[in-house]
Amino acid sequence: MTDIPDDLRYSPDHLWVRPGTAGVVRVGVTDFAQDSLGDVVAVTLPRPGLTVRAGEACGDIESTKSVNDLIAPAAGKVLARNDELAGRPELVNADPYGDGWLFELSAEPADLLDAANYRRLVGA
């Protein structure tokens, strides 16, 4: 069964957003997405300092099945990225809501789904 934590917000592109303090959010791939992708073998993340726009590609994630764009779930400046994924991309599969996070943004508010609406989107 797909894990969809209630305290996160979700994009229709299957990324989660965890609100932090002072307008900083952490972004990652949902459990549903990592399961659909299969074994993740590479992740290309946006560099710190880059300004991303909501709904636009800002990196990619490669699995044994496909290569997919990472679509920014919110607009903002990239503050940090999870460089550990360069050597251990399988963390996205093993711990999508923890050690497998992707990047952090100083983000503007975004119109994202709550857990109940994301569950409906993915049929969970």
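Is Ala22 buried or exposed? Please keep that in mind while reading; point 6 comes back to it.

1. A word on the basis first. This is a predicted model, in which local features need pLDDT of at least 70 and side-chain atom pairs count only at pLDDT 80 or more, while totals for chains, interfaces and linings use all residues. Residues are numbered from 1 along each chain as its sequence is written, and side-chain values use heavy atoms, with hydrogens and water left out.

2. Now the fold. The protein has 3 helices and 9 strands, and along the sequence they follow the pattern β-β-β-α-β-β-β-β-β-α-β-α. (Helices are DSSP runs of H or I with at least four residues, strands are runs of E with at least two, and both are numbered from the N terminus.) The radius of gyration is 13 Å, close to the 14 Å from the globule rule for 124 residues, so the protein is as compact as a globular protein of that length. That radius is taken over C-alpha atoms, and the rule is 2.2 Å times the number of residues to the power 0.38.

3. Next, the overall dimensions and surface. Taken along the principal axes, the C-alpha atoms fill a box of roughly 35 × 35 × 20 Å. Of the 124 residues, 43% count as buried, where buried means under 20% relative accessible area, exposed over 50%, and partly exposed in between (1.4 Å probe, protein chains only).

4. The largest nonpolar core has 24 residues, and Val43, Leu70 and Leu102 have the most contacts inside it. (Such a core is a set of buried Ala, Val, Leu, Ile, Met, Phe, Trp, Tyr and Cys residues joined through side-chain atoms within 4.5 Å.) Elements that each supply at least two residues include β2 (15-19), α1 (31-37) and β9 (103-107), and β3 gives the most, with 3 residues. A second, separate core of 9 residues includes Tyr10, Tyr97, Trp101 and Val122. In soluble globular proteins, nonpolar side chains tend to be buried together.

5. Not counting residues up to four places away in sequence, Val43 touches Asp60, Ile61, Leu70, Leu85, Pro89, Val92 and Leu102, a contact being heavy atoms within 4.5 Å. Ser11, in the loop between β1 (9-10) and β2, is buried at 3% relative accessible area. Leaving aside neighbours within four places, Ser11 is in contact with Pro73, Leu112 and Tyr118. Gln34, in helix α1, also counts as buried, at 10% relative accessibility. With the neighbours within four places again left out, Gln34 is in contact with Val29, Val92, Asn93 and Pro96.

6. Finally, two backbone details and the opening question. His14, in the loop between β1 and β2, has a positive phi of about 70 degrees although it is not a glycine, and His14 is partly exposed at 22% relative accessible area. Ala22 is found in the loop between β2 and β3 and has a phi near 55 degrees, a positive value in a residue other than glycine. As for the question, Ala22 is exposed, with a relative accessible area of 78%.
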